[in-house]
Structure formats: structure tokens, C-alpha cells
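Keep the 3D view open while you read.

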Amino acid sequence: MKAIRRFTVRPVLPDSLRPLSDLARNLRWSWHAETRDLFESVDPECWAASGGDPVRLLGSVPPVRLAELAGDRRFLRRLDAVSGDLNDYVTGARWYQAQSGELPSAVAYFSPEFGITAALPQYSGGLGILAGDHLKAASDLGVPLIGVGLLYRHGYFRQTLSRDGWQQEHYPVLDPNELPVAQLKEADGTPAQVSLALPGGRSLRARIWLAQVGRVPLLMLDSDVEENDLGERGVTDRLYGGGSEHRLLQEMLLGIGGVRAVRTYCRLTGHPEPEVFHTNEGHAGFLGLERIAELGERGLEFDAALEAVRAGTVFTTHTPVPAGIDRFDRELVARHFGPEAELPHIDVERVLRLGMESYPGGEPNLFNMAVMGLRLAQRANGVSLLHGQVSREMFAGLWPGFDPEEVPITSVTNGVHAPTWVAPEVLRLGAREIGAQRAEDALTIGGSDRWDAVRDIPDQEVWDLRRDLREQLVVEVRRRLYASWRQRGAGAAELGWIDGVLDPDVLTIGFARRVPSYKRLTLMLRDRDRLMDLLLHPEHPIQIVVAGKAHPADDGGKRLVQELVRFADDPRVRHRIVFLPDYGMAMAQKLYPGCDIWLNNPLRPLEACGTSGMKAALNGCLNLSVLDGWWDEWFQPDFGWAIPTADGSGMDPDHRDDIEAAALYELLEQRVAPRFYERGRHGLPDRWIEMVRETLALLGPKVLAGRMVREYVERLYAPAAQANRAMTPAAAGELAAWKTRVRAAWHGVSVDHVETTTATASAELGTTLVLRVRVGLGGLATDDVEVQAVSGRVDSEDRITDAATVPLKPTGGPDLEGRWVYEGPLSLDRTGPYGYTVRILPTHRLLASGAELGLVTVPSEEPGAGAGVLLR
């Protein structure tokens, strides 16, 4: 019979065991081995059955066992030590508290998904895992972050396979009362709520759930409350589910409701108000509108409020393809804002202008969330060096007249949270070598001096560890494969072959990620006979573990999964290649350490960063990847291999995939597999072990989320906080008025004449020329503009590359025509084809970049004497 109502019965812990509840409610246990070990010792069988979830564990332990533990002095001593360690962790000074300079009092970090632990399944892929690692690293470093997201009642889908290998989705209902979260409550004990106005006089209400991630609070909004109508209750039903209006409401709740949740949390707890708001991808972009509305209530005009909001906002873009960005129909957005809906005191047209694609190549009727995110943030970044470059080109239309390299989007390369992803066995080996505290610092703060000790670990220990991890993976794969085949309808009697799947002494390759077409799940299948030869090679065999989910609406991705599954079902190779359904954090934590090679073969440059290879590297797994994302930045032959790419515009996609697949097979056949099986004098693969060491010593400090968060603090959060403090209401009003004046006058700004002391077509290295430029300022003052000389090497079409800029100075007052003369030196510091030009930019002390307004004036095609190319 089916229950008509469901509720959660919580255990009553004896007083001496009460700290267990606090430990279970702080998600630090998900990356703190001693806390997990303590929970496992409560009841090993219940721990295994709970999937390593302390909240579920405490709900299932028999009262007699709890009574027994309450009188166990040894257990209570351990409990006291672990509880005290957590208290020291959340209250003591850490890296952030030791920094000098003006750091933000708090940072609010918004993301549509967070991958903290498998026990809180609120993530779909890399964006969420990155956000979770960001929060954990911020906690380890003591950064005063507040996370903001949504609590999805179905999370992301669970994946199984049909008998013929087709992906099937399941959406289990998540009960927040069974998750490691607690309701945020008002002082009178009632649940704290936020509310959004909807068209037609309706409203969208949401409760606020709190997940404690070490030192960092994570606020999660949940619309499944009784006061909502049925449609509104379902707004937070599924991650990335529903149609356009459903997604728009999710993103309004995340951005606008999220700011209101932060204000509520700070009011109730006394937490410092954030000085910096960080938008992780465009989904939370509406947060800027809510903050503009807040300032409007304090008397600030829209334009001044916009400047104040921009000063303290950081925007991170994660996608290198326009299709990965949420875009909404103009009319849909207009219906949800204005007098009859949300933010009634902001003119709808002002809202729309922030997101419309009003630039060459854009679609003028679409509201683009990333475009709004960039217009509402004074600082923006991509997530790897290459992705920063791709993003500057992708969004260059927002800054017309500037070369892509000058578009104000920088990059902070992603990192991964080592304590979450490093296998306990690897951690123990490191602690034995350099000490527990140094090992913890190496994983959280970084610093190559801490990682150099890896080189002192004996070869035999490294190799024994790698085999042990591979063997653990084999056991895990067989368990999961058996469960998968049973779900596909196979009987136990026909699954005896699974006991022979994979071999702990065979070179093991991992490939696990989402399955959009650009990640090319099936590139390895381009030549099936050749792959079969690699899998079954008599001397140098390989084995491959594959996992990944296709988006529920992506039938093309599902066909790729099915194609891979059908190949892996072939009785000739099924002991050497497997597909594991339902890829998630729990599987990943077993998969990364157990693989020898991590394979990544996306279409370059469509992988923004790709952090799975980083997690594998931290466990001594070598990367075999296309030069894309982070691998393009940090690859060295000392610790991995680069798959050559068939670059070139206009290449047939099938031909390109054939070329790159052949290059992959060649690398595996000729270089990777032989090196793994090659043995030195002591019967060990000396050269392979050396590559493992170099992976850990050289890549280890770079791929850390701690390094990433430190960069965000130093390069983005601290400058944003300083800009936010400088942007007083008066300063914001001044900047807004100045921008209005400059934009109105800019059509009259011109470069009329350029001349130099040398008019010849060549000159000697080290020569310094004097540039004189006559300009019109269109009624602007000299303080409003900067006149620059831009010089550098030139290509065959006279485009300047690797440009250097030098400001020129006015030589006196305006002439009778109101023109100004600017002058300055031009040093010829490079040989070869060399050129220069002159340009005029707006300048103001409160601008973060000269390109901020997207205004620039350059000479006409024939600006006058002396403007030619020098040193040809």
C-alpha cells in the first residue's frame, strides 16, 4: 500500500553523542577523512547502506547501538577530538585572515548548481562541481563567502540503460528533511521566506535552506511551499528542466530572490553584508537588477545605481559557444518586469537594454543572460587562458572598435578541491612523506615547495599505490556493471562473465564527462578494428572505463551513448571496455584515482577548461588530451601527451575526426602503451613512474582550487571591493553623468593629423621618434580622454600585433579651431615590420578599463603625413 503522507522521524541522540549531529550537518565531513572514519565506526553496515551520508546514517542506527556508543570512552574521545577540530577549523584564522590590504568583508557567490557531495545531489556537471569546489576552497582559505543557489526537488536526473543501450532518465524525489540542510528561520521560529511578484497579481514564494560547507553558508531557495500555486511550486523542480518561462522564473528566483535571501541571512545571523557579488555564469545575472532596485529605494537614479552595482560585481563565463547561453524572447522578459510584475520601479526598457543583443551579429529580439551579466559587471573572466581568449572574441561586439585582446575579459583558470578528489591512499602516502600538516597545506594552499617532496617517494611505493588504486577501480567497476546489467533486464545466471571484466595489471584509460557532441564520446570508435586491436593486444593491452550523461532533450547525445554501449556489449571486448551509467560524484571519486590515463578529445577550442583531468592528475593519473582548456595552458611532455588537432577552416568534420582519431590510436600504440609496459632494471616501469612524479610535482600546485580562489581574491574580489567602496552615491552619480556626457559628445571626437620626426619607411632599432597628433575633442575636456600611441609588429595586412600603448600629452591649449595638439615619444624597440597608430579613449578615475564604455576613435584611412609603417 502507498502512504498518503511522508515525514521524517529523527533519532534522539544521547547527550554525549550530540556533537555527531553537528558534524553531520556541516558538509566538511565530505572532504575530511577523520570525520568520515568516525561516522563509519558508528555502524559500518549502516554507513555502507547510507552511501556514506552521515544524516542518513544517524537516521538508521539502532537505538541500542547509540546507547552502546554513549558509554564507549574511546569513541567519545575520538568524537571530542573530531568535534574540536571542526570548531578550530570554522573559528580559527586561516590564509585570508593573514592577508594585508583591503579585502572584502564578504563575497556572495551565485550559481545555478553546486556539487558539494553525492549526499546533496544539486549538480549536473562541471559548472556545479566547480562551484562546489570554489566554496570548499574558500572555506579552507577562510574567505568569507556566502553561496547562493536553488534547491531542486528532483535534482538532476539519474541515468539507467535500456536493454538495447538507450539512456533512460529517472527523477527521484528529494526530501529536504533527509538532506544535510536546515531551514533558515526567523527569530520567532517561522521559516524565512523570499517572495517575487509575478504578472497578474500572483507571487512566487520560496523558503531558504542552509547547507553549511565548512565555514561557508550555502543558501538554497525552494519554491515547493504551500502558499504557492501548483505552477509556482514546480519552479525549483528540476535542474535545467522545463521551457523558456520555467527557466526564466528559475533565474529570476536565483538572482533576485537570491539577493533577498542573502539580506535575510545577514539580518538574522549578523554575517557581514557582501561587498562583492560573483555571478557564476549568466543564470544569476538578475541579481544586478535587484541591487539596482535596492539603491533606487535609497534615492539613487538608475544610471548611478547601475555604476554602483557594476563596481562590486564579478562575472564568470563558462561557455565558449553561444548555444550554451540562456537567451529569452524579449516579450517574455518584458512581461515579467515593470509595474505589473517584479521590480515595478525600474523602467522595463532599461531592463531590456541590459540584455538585448544590440550589436553586429546579434539577434535584436533576444535577451541574452551572458550579455546582461557582462553589462552589469565591471570585472569579468573566462576559466582558462585559452577560454579567456575565446570569450574576448565571442563577446567583442560589446566593445566595438577594440581588438579582441583588449576586450575587458580576463581569465582565472579553474582548479579542483584536492581534499575532495584525492584518494585517501594518496593522501596517506603524502602525509607519511612530508607530515600531515604539510600535506594538508599542500592540498589546500599550494606552493611547489610542498609538492617537490613527491620526488623523494621510492619507485616501488609509487607503483604499489598505483596498482592498489587500479585494483579498487576494478572491484568498483564490476559491482556497478553487474547492477547496470540487472537493471537492463539480465538474469544473474548470464552475468558470470562480469567477474573477468578488467584486469588490475592492464593499462587503464578513463573517459567520463557530459555527452554534448563537441566532447566526442565516440571518437575512439572511428576505426573499430584498430580500437579492438589495442584492447586485445597480446603484449600491450589497454582497457577503457567510460561514463557520461546526455541531456534529456539531446537525442543526438543519447545516440552517442548507445553507440558506445553497443560496442562495449560485444562479447569479444566487453572484458576490456565498459560503460558505467549514472556518472556522478560518488563514481568519479573512485574513477579518477584508479585510471592510469585520463582521455579528453573535445573539438578545440570548445572545452572552456575541463577539470576532470585535473582531478585525475592529483591522483597520479597521466593526461592524454587535445590541447584545449587547461591542458593547452599547462601541458608538458614530462607528464602527458597532446593529441594533435586537424585545425583549418572549412575542413570537413568527418575528415577532421578521422585525422584526430588516427592520431589518438598512433599515440596509444607507439608511445603510451609501450611506456606503461616497459620495465627497467628492477622490474618497474621507471619512465612511467617518473611521469607520475612529474604530474604530481609540477601540475599538483597549479590545478588546486585553493590557487584558483586565491587568484579570484587577489585579482578580482579585492579590486571589486575597493571599487565598491570608492563608488559612494555621490561618486556613482558623478560617473553616470560623466558617461552620459561623454557618449553624447563622442561623435565629435576625431584624430585629424599625425606626424613624426621621421617620414622615411625605415629606421634603426633603438631610435626614439616624436609623435605629434592634432585632435578634436568634440567639446570634451582633456581630462575626459586619453590620447595614446599604439605600436608593435605588424602582419602582412599592417595589423598591429603584441601592441604597446603610450599616453601622449597635450602641448598647450586649443587652437583657434578648438583643436588640441598632443605629443609624445615612440621608441622603436623591436626589429622587423613595425607600425603604429593613434587612438583616443575616454578616461575616468572610476573606470576599471579604458575599453569599458566601448568608445574609441582612431585615424581615418589616410590620416596624414608620417602615419605609415616603419622598419619594413
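Which element gives the largest share of the lining of the largest cavity? That's H17, which supplies 6 residues. Keep in mind that what you're looking at is a predicted model. Below, we start with the cavities, move on to a pocket, and then look at what the UniProt record marks, the cysteines and some backbone details.

**The largest cavity**

- The structure holds 7 cavities of 30 Å³ or more, and the largest has a volume of about 330 Å³.
- A set of 24 residues lines the largest cavity. To find its centre on screen, look for Val426, Gly430, Trp451, Val454 and Leu696, which lie nearest to that point.
- Sort the lining of the largest cavity by class and you get 17 nonpolar, 3 polar and 4 charged residues.

**The second largest cavity**

- Next comes the second largest cavity, with about 100 Å³ of space.
- Its lining is made of 13 residues, and Leu481, Trp485, Ala568, Asp569 and Phe579 are the ones nearest the centre.
- Two or more residues of that lining come from each of H20, helix H22 (555-568) and strand S17 (577-580).
- By class, the second largest cavity is lined by 9 nonpolar, 1 polar and 3 charged residues.

**The second largest pocket**

- How many residues line the second largest pocket? There are 33 of them, and Leu306, Arg375, Arg743, Glu852 and Leu853 lie nearest its centre.
- The volume of the second largest pocket is about 950 Å³.
- At least two lining residues come from each of these elements: helix H11 (302-311), helix H13 (348-355), helix H14 (369-375), strand S13 (379-382) and helix H29 (729-745).
- H11 gives the largest share of this pocket's lining, with 5 residues.
- The class count for this pocket is 17 nonpolar, 6 polar and 10 charged residues.

**What the UniProt record marks**

- An unreviewed UniProt entry has the annotation "domain: DUF3417" for residues 13-120. In the model, that span is 54% helix and 4% strand, and its end C-alpha atoms lie 23 Å apart.
- UniProt, again in an unreviewed entry, also puts the feature "modified residue: N6-(pyridoxal phosphate)lysine" at Lys615.
- You'll find lysine 615 in helix H24 (residues 612-617).
- Is lysine 615 buried or exposed? Its relative accessible area is 4%, so lysine 615 is buried.
- Leaving out residues up to four places away in sequence, lysine 615 touches Ile129, Asp133, Val416, Trp421 and Tyr592.

**Cysteines**

- A disulfide is a covalent bond between the sulfur atoms of two cysteines. This structure holds 0 of them.
- Cysteine 46 has 16% relative accessibility, so cysteine 46 counts as buried.
- Cysteine 266 is buried too, at 5% relative accessibility.

- The peptide bond from arginine 604 to proline 605 is cis, with omega near 5°. Proline 605 sits in the loop between strand S18 (597-600) and H24, and H24 is the helix that holds lysine 615.
- Tyrosine 240 isn't a glycine, yet its phi is positive, at about 55°. Look for tyrosine 240 in the loop between helix H8 (230-233) and helix H9 (244-269).
- Why does tyrosine 240 count as buried? Because its relative accessible area is 18%, and the cut-off for buried is under 20%.
- Leucine 502 is a residue other than glycine with a positive phi, near 65°. Leucine 502 is in the loop between H20 and strand S15 (507-512).
- With a relative accessible area of 3%, leucine 502 is buried.

Notes. Residues are numbered from 1 along each chain as its sequence is written. This is a predicted model: local features need pLDDT of at least 70, side-chain atom pairs count only at pLDDT 80 or more; totals for chains, interfaces and linings use all residues. Side-chain values use heavy atoms; hydrogens and water are left out. On a 1 Å grid over the protein atoms alone, a cavity is a set of points where a 1.4 Å probe fits but cannot get out, and a pocket is an open set with protein on both sides within 12 Å along at least five of seven lines; lining residues have an atom within 4 Å of a point. Grid points are joined across faces, edges and corners, and a volume is the space filled by probe spheres set on the points. Ala, Val, Leu, Ile, Met, Phe, Trp, Tyr, Cys and Pro count as nonpolar, Asp, Glu, Lys and Arg as charged, and the others, Gly among them, as polar. UniProt positions are given in the numbering used here, feature names are shortened, and annotations may be inferred rather than shown by experiment. Buried means under 20% relative accessible area, exposed over 50%, partly exposed in between (1.4 Å probe, protein chains only). Contact means heavy atoms within 4.5 Å. A disulfide is a pair of cysteine sulfur atoms within 2.5 Å.
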